[in-house]
Amino acid sequence: MEMKVCLCVAFVCLFGGRPSSSSLSAAPTLPTCEKIECPKYEVLYQNVELEFEIRRYNESVWMSTAALQDLSFRNATRIGFLQLFAYIQGKNELQANVPMTAPVLTGILPSDGPFCTSTFWVRFYVPEDFQKDPPHPDFDLQLHAEYWGYRCFAVRKFRGFATDDNVAEEASNLEASLSDTPWAGIATDIVVQTQETYIIAQYNSPFEFSGRLNEVWLPIPTCTPDCLPQPPSLPCLSTRIQI
């Protein structure tokens, strides 16, 4: 009963029907990761005026859903989060309670039209204590672990709740911010090297309604430590391995 109550609160608060308050001006800072574990990264470049930064993430392991087909970003995230929540609550080979981490990621491959289903992947960062050997999920959850090598992303912050109405707009805003930079046009190369076009990262506790922060990530096709983009003929993002 307690788990059901927690699930209901989590879904209503994190993915529920509160209106978005997205704003590009005076974007809030990244929530502290002192109380909840987050993946480690280095900021290589930041443009405050254009409101984006370039990050290089360390090697990491994520627990991921299978591809989810849905018309709605919010609904797909809700479905994926339910599967991941069950995993961290003990539906794994060790029956272990795995600590919650941030952010929860939703990778998006948009459909070709407004009435077609898009493809989504929802992911949870595996805590450091489980990175080397994450417990296998119960078969019925249809989850798998993904190994990510060093990866580079262009990142833009936005406020409020991530919704069906604002995630594509925020991704478009990020792409526009990159137009006069070395990372211009990376969105056209992304699908050649990785399965999603962009990723939405949600950080806040499900119980927080104010001061919420989300991010949109554009994967950068690169093999270089400075995260400068490379031609799609060099498939550097193929380092994602399912285990």
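How many nonpolar, polar and charged residues does the lining of the second largest pocket have? Point 6 returns to this question, after the fold and its links.

1. **Basis of the note.** The model is predicted, so that local features need pLDDT of at least 70 and side-chain atom pairs count only at pLDDT 80 or more, while totals for chains, interfaces and linings use all residues. Residues are numbered from 1 along each chain as its sequence is written, and side-chain values use heavy atoms, with hydrogens and water left out.

2. **Overall fold.** The chain contains four helices and eleven strands. Helices (H or I, at least four residues) and strands (E, at least two) are DSSP runs, numbered from the N terminus. Of the 243 residues in the chain, 51% are buried. Buried means under 20% relative accessible area, exposed over 50%, and partly exposed in between, with a 1.4 Å probe and protein chains only. Contact means heavy atoms within 4.5 Å. Among contacts between residues at least 6 apart in sequence, 76% join residues at least 24 apart.

3. **The disulfide.** A disulfide is a covalent bond between the sulfur atoms of two cysteines. The criterion applied here is a pair of cysteine sulfur atoms within 2.5 Å. One disulfide is found in a search of the whole structure. Its partners are Cys152 and Cys227, with sulfur atoms 2.0 Å apart. This pair links distant parts of the chain: Cys152 belongs to strand 8 (residues 151–159), whereas Cys227 lies in the loop between strand 10 (213–219) and strand 11 (241–242), 75 residues apart. The link of Cys152 and Cys227 is left-handed, with -70° about the S-S bond. Cys152 is buried, at a relative accessible area of 4%, and Cys227 is buried as well, at 0%. Cys116, by contrast, is partly exposed, with 40% relative accessibility.

4. **Backbone features.** Which two residues does a cis peptide bond join? They are Ala102 and Pro103, with omega about 0°. Pro103 is placed in the loop between helix 2 (73–88) and strand 5 (104–109). A positive phi in a residue other than glycine occurs at Glu51, near 60°, and at Cys227, near 65°. Glu51 is in the loop between strand 1 (41–47) and strand 2 (52–57), and is partly exposed at 26% relative accessibility.

5. **Nonpolar cores.** A nonpolar core is a set of buried Ala, Val, Leu, Ile, Met, Phe, Trp, Tyr and Cys residues joined through side-chain atoms within 4.5 Å. The largest has 40 residues, of which Met63, Ala154, Leu178, Tyr198 and Ile200 touch the most other members. Helix 2 gives the most to this core, namely eight residues. A second, separate core has 13 residues, including Trp62, Tyr125, Phe153 and Tyr203. Leaving aside neighbours within four places in sequence, the contacts of Ile200 include Phe73, Val104, Phe158 and Val216.

6. **The second largest pocket.** Its lining has ten nonpolar, four polar and two charged residues. In this classification Ala, Val, Leu, Ile, Met, Phe, Trp, Tyr, Cys and Pro count as nonpolar, Asp, Glu, Lys and Arg as charged, and the others, Gly among them, as polar. Of the 16 lining residues, Leu71, Ser118, Phe120, Asp164 and Tyr198 lie nearest the centre of the pocket. Strand 6 (118–125) and helix 3 (167–177) each supply at least two residues of this lining. On a 1 Å grid over the protein atoms alone, a pocket is an open set of points with protein on both sides within 12 Å along at least five of seven lines, a cavity is a set of points where a 1.4 Å probe fits but cannot get out, and lining residues have an atom within 4 Å of a point. The space in the second largest pocket is about 260 Å³. Grid points are joined across faces, edges and corners, and a volume is the space filled by probe spheres set on the points.

7. **The cavity.** One cavity of 30 Å³ or more is found in the whole structure. The largest cavity is lined by Phe81, Leu84, Phe85, Ile88, Met100, Val104 and Phe124. Helix 2 gives the most to this lining, with four residues.

8. **A loop contact.** Asp138 is in the loop between strand 6 and strand 7 (143–148), and is partly exposed, with a relative accessible area of 26%. The C-alpha atoms of Asp138 and Lys91 are 5.5 Å apart, although the two residues are separated by 47 residues along the chain.
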